[in-house]
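Me: I am about to look at a protein model. Please take me through some of its contacts by question and answer.

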Amino acid sequence: MTNLTLYEHPLNEQVRIYLRLEYLLDQLDEVSGLSAPCHHIQFFRSLFDLLEILEQVQVKADLAKDLDKLKKKLKAWADVPQVDQTQLNQLLDQLGEHQRAVLQAKRFGQALREDRFLTSIKQRFSIPGGSCSFDLPNFHYWLHQPLAARQSAIQAWMETLAPLRHALAFWLQLTRESAHGGTATVQQGFYQQEADGACLIRLKISPDLGVYPLVSGHKNRFAIRFMPFDDDHEVADNMAVHISVC
């Protein structure tokens, strides 16, 4: 059986930012333990993209508010019969830990913005090919430090992002687990649905169908147009895709 491809689409700006942050944090995790210079160059590109978002948006305040809203929703389940109180209390305890870590942290990315080495190389990374040795001799020097020294520095930079990483992962996990939906039949490449108060939709599509989704919508309604990837595929009149609303 062909593995399904997962697509996620945010239905508000805040979740759009959260998904971009998660995407960049995952890239940082993936390459942070690798040793080749090309891996470290990708690490810094992802790190500076992340800092750009954190400079433009008050992520700390927004995430703290969303965690508080989540706490209220979880507490509302306490009076619902047959709810697993042990699991609910564990989630509330974890949420409380993430809230405290977020509130006690400096503004996300502040420590990285104050780092002299990162500040000295950040601007050149916005130039195509700007990480060459003649552009950034100090970066070239850093790349030729012992691997242990490079990984130690990377670990220290990553540690400053720990409150963001853990709290964001927790919020997104519970949001995704709130999904409801199932298999839907798409007719003539188009699908639309009401979505009362939704913030995220998740689609699972077989790559054998040869299509990808273009999504538009907001918290109360969304529409999906399925497009052929190339001329070898046509959009089937009736397609089965899995659609979940969070």
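**Salt bridges, helices and a patch**

Reply: The side chains of Glu22 and Arg176 meet in a salt bridge, 2.7 Å from N to O. A salt bridge here is a side-chain nitrogen of Lys or Arg within 4 Å of a carboxyl oxygen of Asp or Glu. This is a predicted model, where local features need pLDDT of at least 70 and side-chain atom pairs count only at pLDDT 80 or more, while totals for chains, interfaces and linings use all residues. Residues are numbered from 1 along each chain as its sequence is written, and side-chain values use heavy atoms, leaving out hydrogens and water.

Me: Is Glu22 buried or exposed?
Reply: Buried means under 20% relative accessible area, exposed over 50%, and partly exposed in between (1.4 Å probe, protein chains only). Glu22 has a relative accessible area of 19%. So Glu22 is buried.

Me: Which residues are joined with Glu22 into one network?
Reply: Some salt bridges share partners. They join Glu22 into one network with Glu8, Arg176 and Arg202.

Me: How many residues apart are Asp68 and Lys72 in helix H3?
Reply: Their side chains meet in a salt bridge of 3.8 Å, N to O. Asp68 is partly exposed at 31% relative accessibility, whereas Lys72 is exposed at 58%. Both are in helix H3 (residues 59–76), separated by about one helical turn because they are apart by 4 residues.

Me: At what angle do the axes of helix H4 and helix H9 cross?
Reply: Two packed helices are described by the angle and the distance between their axes. Axes are lines fitted to C-alpha atoms, for helices over the stretch in contact, and angles run from 0 to 180 degrees between N-to-C directions. The axes of H4 (residues 85–104) and H9 (residues 162–177) come within 9 Å. They cross at roughly 145°.

Me: Which strand holds Leu214?
Reply: Leu214 is partly exposed, with a relative accessible area of 45%. Leu214 lies in a strand that spans residues 211–218. That strand is E5.

Definitions and conventions. Helix = DSSP H or I, 4+ residues; strand = E, 2+ residues; numbered from the N terminus.
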